[in-house]
Amino acid sequence: MRHHWTWHRLKALAHEEWRALITINPSDRPWQMPASVALAAGLPMLIGAYFDHLDYGLVSSLGGMAFLYLPRTPLHHRMVTMMACAFGFLGCYVVGLIVHLLPWLLVPAITLTAVLVTMVCRYFRVGPPGSLFFVMAASIAAYTPSDLMQLPLKAGLFALGSLLSTQIAFLYSLIALRIRTPAPVEPLQPLDFDVVVLDSVLIGAAVGVALALAQALQLDRPYWVPVSCLAVIQGLSVRAIWNRQLHRILGTVLGLGVAIVLLSLPLEKWSIALSIMTLSFVIETAVIRHYGFAVIFITPLTIFLADAASLGHAEPGAIIQARFIDTVLGCFIGLIGGILLHNARFRDMARPIIRRLTPLALLPGRSPPP
């Protein structure tokens, strides 16, 4: 009898997973939005290709991802939010550039970056993708070959990309606000310690563990392990985290097939730039409708963003293998971290420890002594 009940329960769970996997959600995004994202990501690449400096365009293109944080609010709030996110985006990228020169600081610096950015995003209720791209910028910069004299150049190129995306966001907003009503600006709520501080510390700890494990295993491109971990652990529940992990792994497997096809083509600077624009447009069109389907195209896009400058003399098989291992490892740690994050007993154990280590100014109802 018990075996019969267990079989029916597993069958019901499998049916529910399948239904979640094939469900396509509605989307009210105007086509101008993914077109603007494609422009913010691709225009720096086109400029870099024109001047025969694809590596410069690559850095600016990564900075252009700041466009993804544009909210649906009125124009004044949109632009303030956009500029604040662009500045924070630049700060995270510079942290990555610095820790590349000080590798012994890499794990603690990326961990602290994940904690602080997640706190800020949760306090100001920054919508998806949340802290993901901030940590991604820091992680990619931390593993990008450079020296001290290149730091100001790369920081400036990244800032130019973010500035360009802010200008594109302004022009897009002028169009979008004519065809759709903006969402109201919601007032900030009092600090919720569990949501803002406790969750952020636990999420950042999971990202740090993911990066430390990737370092210990001496993976070729370990920057994608903490990014995959963060992408999974940001789910609102254990169920959401499981679904996101499943979508991300399956999407990555299929996306690696797309990447193999693209990498087998005779790529040159113009085709790489156009590929990034096309992939960005498809992703932003599909991501709300089906996350797993979007990941199919996110995988080759991130390979281009992180490795475009070396695609001409890199082995495609090594890149594909490294991305698959990084994704599986990051998703696994993200799932374990997500289970602990939403476990009441574990939270009760961690809460007093984190409270004792938290500055008084961040505790609800407490203020530092005069």
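**Note on a predicted model: surface patch, core and helices**

1. Ile98, Leu101, Leu102, Trp104 and Leu148 make up a nonpolar patch on the surface, and their accessible area together is about 500 Å². The model is a predicted one, and the points below should be read with that in mind.

2. Leu148, one of the patch members, lies in the loop that runs between α6 (132–142) and α7 (151–179). Its relative accessibility is 58%, so Leu148 counts as exposed; the cut-off for that class is over 50%.

3. The largest nonpolar core has 98 residues. Those touching the most other members are Phe67, Phe89, Tyr93, Phe133, Phe134, Met136 and Ile276. In soluble globular proteins, nonpolar side chains tend to be buried together.

4. Which residues does Phe134 contact, leaving aside neighbours within four places in sequence? They are Tyr69, Cys85, Gly88, Phe89, Cys92, Val117 and Cys121. Of these, Phe89 is also listed among the core residues that touch the most other members.

5. Helix α3, residues 54–63, is mostly covered, with eight of its ten residues buried. The buried residues are Leu54, Gly57, Leu58, Val59, Ser60, Ser61, Leu62 and Gly63.

6. Leu250 belongs to helix α10, which spans residues 238–263. Leu250 has a relative accessible area of 38% and is therefore partly exposed, that class lying between under 20% for buried and over 50% for exposed. Its C-alpha is 7.1 Å from that of Gly292, although Leu250 and Gly292 are 42 residues apart in sequence.

Notes. Residues numbered from 1 in each chain as written. Predicted model: local features only at pLDDT ≥ 70, side-chain atom pairs only at ≥ 80, totals over all residues. Heavy atoms only, no water. Patch = residues over 30% accessible without salt bridge, like charges linked within 9 Å, V, L, I, M, F, W, Y side chains within 5 Å. Areas by Shrake-Rupley, 256 points an atom, 1.4 Å probe, with all protein chains shown as cover. Salt bridge = Lys/Arg side-chain N within 4 Å of Asp/Glu carboxyl O. Helix = DSSP H or I, 4+ residues; strand = E, 2+ residues; numbered from the N terminus. Buried < 20%, exposed > 50% of the residue type's maximum accessible area, 1.4 Å probe, protein only. Core = buried A, V, L, I, M, F, W, Y, C linked by side-chain atoms within 4.5 Å. Contact = heavy atoms within 4.5 Å.
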